[in-house]
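I opened the model to look up strand pairing, aromatic pairs and domain bounds. My entries follow in the order in which I went through them.

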Amino acid sequence: MFNEIVEQSEVAISITDLNACILYANAAFERVTGYSVGELVGHNESILSDKKTPSIIYKTLWGRLLQQKSWTGVLVNRRKDGERYLAEMTIAPVLDNDGKTAYYLGMHRDITDFHRLQQQVQSQKQLIESVVDTAPVVIALLDENEQLVLANHEYQKLIQHSPENEPALVFLEHLRQRIGTRWLSLKNNGGRMDIQEVQVECCQPGIVRWFSCSGIWINVKASEAEAFFDGNQRTHLLLVAKDITDLKKQQEAVRINALRAMMAENEVADSLRESLRGAIHQFQVPFNMLEAALGLLERRNAGKPADPLQDLLKTALHAGQTALETLGYSVPPQKPQAFSPVNLNDLLRDVLILSTERLLSEGIVVGWPPLH
Ligand code: FAD
């Protein structure tokens, strides 16, 4: 029974004497190596050696066997046709009744394809890691318990600046607040959240940085043994954040400049409006006097033939009023202001930015810690 089992085993099995001379090899051994049993028996196992295996490996192997311990490892072997293959090998001493080593039992299988796949997975992993690492954005992967599973170089840089705060959790908190009630449904449906701009004080105390931040929930197959057949998946959150502080600063500078220009324009319009209204008011006085004089003349000349002075006054009054009306039209209209909620912190900050130069030139220093 044992003979049949060993003979028909899928594992390449050989038995050697103490010099590693082959005494027996099973059918799988013949299949893997390409040699027939007749060609193997009496030869040292080194017949399979490709001489690519470092000698330290053989020394370790023999060192273990001489201590009557088994050895497991990988050797580079060569088949009869010269093709190389990787042999995952276990060699164990077989002891006699006196406890002395009588034989060596060798068992190996060809793992060349498995190794190739492993290498491909490994190099793909390295490739992905280097792409993720060189990406000029912060990337972090969180598991279901919001524990950091993976983070790239940009993320590590953030941690260096503030080791006490986990930046991913700071981003997460901001995103959760922004997304509100949609958070759970997005998470449960493996959704992607919209890009959100978040202001984070996570790098250095007092220094606020802006990030455009988004996240996507992805399902990752569970690696526990019990999940092997049931296909259980774990939800992970992939966070991506790009530092847009410089862009924000530029936008802010543009906004403040636009605000300055608008205020200057308003000031010009206000003073023009004031001057024109003042001029209209002043012109009105002589016209009122002309009107009174005309009224006086009309009463005096009532029932008499037409007085050329009266006509002249009328024409002058009419021309003057037309000119005043025209002047009135050229008063710049007051633009209606829309009512909207105002963040007092933002408003105060804008006022301070706009007035800094003037305040400083007058020796005024304003201490203002914004309220959060
Ligand atoms: P070796 O002359 O064998 O010398 C390599 C090192 O092993 C040296 O340090 C030497 O001192 C030591 N050494 C060699 N023989 C003995 C010994 N009898 N007692 C103590 N130390 C010793 N090798 C493979 O390449 N492929 C295989 O598939 C393979 N299968 C094996 C299966 C079994 C059961 C056994 C016992 C050994 C097997 N070996 C295999 C090892 C093989 O016997 C050779 O040691 C190895 O191939 C190196 O051969 P070599 O001629 O280059 O060097």
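**Sheet and strand order**

I began with S3 and strand S4 (residues 84-95), which pair in the antiparallel sense over 8 bridges. Strands pair here if DSSP finds at least two bridges between them. Helices (H or I, at least four residues) and strands (E, at least two) are DSSP runs, numbered from the N terminus. For this pairing I noted that Arg78 has Arg84 in S4 as its bridge partner.

Before going on I wrote down the basis: this is a predicted model, in which local features need pLDDT of at least 70, side-chain atom pairs count only at pLDDT 80 or more, and totals for chains, interfaces and linings use all residues. Residues are numbered from 1 along each chain as its sequence is written, and side-chain values use heavy atoms, with hydrogens and water left out.

Which order do the strands take in the sheet? I read S2-S1-S5-S4-S3, an open sheet of 5 strands with antiparallel pairing. S2 and strand S3 (71-78) are at the edges with a single partner strand each, so one side of each has no neighbour in the sheet. Ignoring direction, neighbouring strands of this sheet are turned by 30° against each other on average. Axes are lines fitted to C-alpha atoms, for helices over the stretch in contact, and angles run from 0 to 180 degrees between N-to-C directions.

I then checked what lies on the sheet. Helix H4 (residues 55-66) lies across S3, S4 and S5 and runs at about 135° to S3; contact means heavy atoms within 4.5 Å.

**Strand S1**

I followed S1 to both partners. With strand S5 (residues 101-110) S1 forms 5 bridges in the antiparallel sense, and with strand S2 (residues 22-25) S1 forms 3 bridges, also antiparallel.

**Aromatic rings**

I counted rings of Phe, Tyr and Trp (its six-membered ring) as paired if their centres lie within 6.5 Å; planes under 30 degrees apart are stacked, over 60 edge-to-face and the rest tilted. The count comes to 4 aromatic pairs. Among them, Phe171 and Phe211 have ring centres 5.0 Å apart and planes at 75°, so I logged the pair as edge-to-face. Phe171 is in helix H7 (residues 167-179) and Phe211 in strand S9 (residues 207-221), 40 residues apart. Phe171 is buried at 2% relative accessibility, and Phe211 is buried at 1%.

I also logged Trp183 and Trp217 as edge-to-face, because their ring centres are 4.9 Å apart and their planes are at 85°. This pair links helix H8 (residues 182-188), which holds Trp183, to Trp217 in strand S9, 34 residues apart. Trp183 is buried at 8% relative accessibility, and Trp217 is buried at 6%.

**Domains**

I looked up the domain assignment, which gives domain 1 (2-115), domain 2 (135-243) and domain 3 (249-330); such bounds come from an automatic or database domain assignment. The C-alpha centres of domain 2 and domain 3 lie 66 Å apart.

Technical notes:
Buried means under 20% relative accessible area, exposed over 50%, partly exposed in between (1.4 Å probe, protein chains only).
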